[in-house]
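Please read the following report alongside the sequence and the coordinates.

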Amino acid sequence: MLKYLEGSHAVSQVVAMCRPQVISAYPITPQTHIVEDLARLVSEGRLDAEFINVESEFSAASVILGASAAGARAYTTTTSQGLLLMTEVLYCIAGMRLPIVLTCTNRAISAPLNIWNDQQDSMTVRDAGWIQVYAEDNQEAADLHIQAFKIAEQTNLPVMVCMDGFILTHAFEPVDIPEPQEVDAFLPAFKPQHIVDPRWPRALGLYADPRFYMETRYILHRALEKSEDVIKQVSADFSRAFGRPSGGLIRTYKLENADLVIVTMGSVAGTVKDLIDALEEEGKQVGLLQIGSFRPFPKQAIYRALKDKMNIVVLEKAVSLGRGGILASDVRWSFPRGERKGRVISSFIAGLGGRNISTDSLREMVERVCLEPVELDFLGLNKEIIAERDL
Amino acid sequence: MIEIRIHGRGGQGNVAAAELLANAAFKDGKYAQAFPSFGAERIGAPVQAFVRIDHKPIRTREEVRQPGYLIVQDRYLIDTVPVLDGLKPDGLVIVNADTCPEDLQLKTTATVATIPATEIALEIIGKPIPNVIMIGAFCSITGLVSLEAVQRAIREKFPGKMGENNVAALERAHEIMQKGKGQPC
């Protein structure tokens, strides 16, 4: 049923329909409304789950690690400093192959302190062995959670659903909220494959000396690569069951005849689509390639979509300091040996710490990359602030 | 697409105003989007909230920079925040003030309207929260969102006495604006 509600509220309603058995989370802006809602649903008896209060995100992640190892469908949500505080446990969860779902309400990283949106938090833990998917709008944010539990439990890999903080979490817009029985039909009850149980002692993630450790990392790497098929399949199944496209590895918009392709992920894709329509009316053919799954990184799908495109610009809300665009690097390496030649792949960092990404600034970006390749630039910098510094 | 920017201070119900207005537009059968731009996350700090209303799904996520409509919940913000920035020359700005529009001496070609929303809020709701009165004035002047839908949105968000008081305040705002102007000059 189409409802008008806040993004956080849409996510908490849908997460509840996925019937997590254990939830543990520590409140942090802009994730707070999700965890408040879920706590309320549990306390009112409308969600049959254990909600475990903790003193930090490190403990929240540890609690759900244990819960998942014991065979429970487990869920947490965090952002920014909270996600970084979880980092050690995130690697353990992936290494132990626990199918946990985490919502990251993307927010900037300190210092300086900033509560607003960018994607530096999830991008920083991209190598932890989690599947990472990015939502364009609140409909997709809600839908991706239903898919995430299914993908996680089919692959024994944890899934991080990333949605832009404030821009999505605090936005009110219409979202089609499914009926609980529809979700039940799509997402069967969790049947754990390996349970830690005192009646049948076994250990998880204990110790691997140099004879074994490398193989565990290789196997995890291959599992992530192979999860591409599951992500695609679950997305297709979801579209059939719920009647709307959602999720998947990549999505495109007006790509076919485009002379220039913008590659991005997350909520800014909506703004980009409006710009593409405006440019089309002016006779300019620009297309969009939207990354749905950032890990695994669907390099073959990206290559297939972009192999005839000679002018590409990557727009992202995170930066590898001292290197440049993270998504841009990955896109550049998606082309096989020799295929980079003659191809322009520009890189723009935008929207850090909640800086508004305006249509005007995107238009300037398009105009610039139509004239010359841009190795790396930051969109919409205030030159007055940086002028006094010795750069 | 209709774009509205709401200016106020933390505690004046700016985000709630955006939420209610967009929800009402949704109830009127339109697509709507509302989102806040928080400042320092404390009572009294300047806050902005944005509303978009359209007949097709709304995709853009940028802040509203060229609004057709401005709702200003605290007239003294005009001296400290560039409230009028980007307002369309033929737009409308509604200010919470107990003076007539001319007295504000706003530097804009847009239409200016005033309503003593804080006084009305204190009288009917018992709290200096002007948001529903400002929404009432907006609906009354523009007719872009139906009062009936706003009433339903208010009752949904605030069940019981609080909702009824807010509905009464909304109706008072409508009556005042229908009489011609918010404040006799």
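The sections below describe a predicted model.

## Overall form of chain B

The C-alpha trace of chain B spans about 40 × 40 × 35 Å along its principal axes, and 49% of the 185 residues in the chain are buried. When contacts in chain B between residues at least 6 apart in sequence are considered, 56% of them join residues at least 24 apart.

## Helix 3 of chain B and its cover

Helix 3 of chain B, which runs over residues 117-124, has B:Ala117, B:Thr118, B:Ile120 and B:Ala121 as buried residues. These residues cover an arc of only 160 degrees around the axis, which means that they lie on the same side of helix 3 of chain B. As a general point, an α-helix has 3.6 residues a turn, so residues three or four places apart point the same way.

The cover over the buried residues of helix 3 of chain B includes strand 5 (92-96), strand 6 (111-115), helix 4 (131-142) and helix 6 (161-178) of chain B. Just after helix 3 of chain B, the residue B:Gly126 takes a positive phi of about 85 degrees.

## The largest nonpolar core

The largest nonpolar core has 180 residues, and those with the most contacts inside it are A:Val159, A:Val161, B:Leu21, B:Ala34, B:Ile94 and B:Ile133. Helix 1 of chain B (residues 14-27) supplies the largest share of this core, namely 10 residues.

B:Ile133 may be followed in more detail: leaving aside residues up to four places away in sequence, B:Ile133 touches B:Ile115, B:Ala117, B:Ile120, B:Ala121, B:Ala169, B:Leu170 and B:Ala173. Among these partners, B:Ala117, B:Ile120 and B:Ala121 also belong to the buried residues of helix 3 of chain B.

## Contact between chains A and B

The contact takes 17 residues from chain A and 16 residues from chain B. On the side of chain A that touches chain B, the elements that give two or more residues are strand 8 (172-176) and helix 9 (268-281) of chain A, and helix 9 of chain A gives the most, with 5 residues.

Definitions and conventions
Residues are numbered from 1 along each chain as its sequence is written. Chains are lettered from A and ligands numbered from 1 in the order in which they are written. This is a predicted model: local features need pLDDT of at least 70, side-chain atom pairs count only at pLDDT 80 or more; totals for chains, interfaces and linings use all residues. A nonpolar core is a set of buried Ala, Val, Leu, Ile, Met, Phe, Trp, Tyr and Cys residues joined through C-beta atoms within 7 Å. A residue is buried if 20 or more other C-beta atoms lie within 10 Å of its own, exposed if 12 or fewer, and partly exposed in between; C-beta atoms are placed from the backbone. Helices (H or I, at least four residues) and strands (E, at least two) are DSSP runs, numbered from the N terminus. Two residues are in contact if their C-beta atoms, placed from the backbone, lie within 7 Å. The arc is that of the directions from the helix axis to the C-beta atoms.
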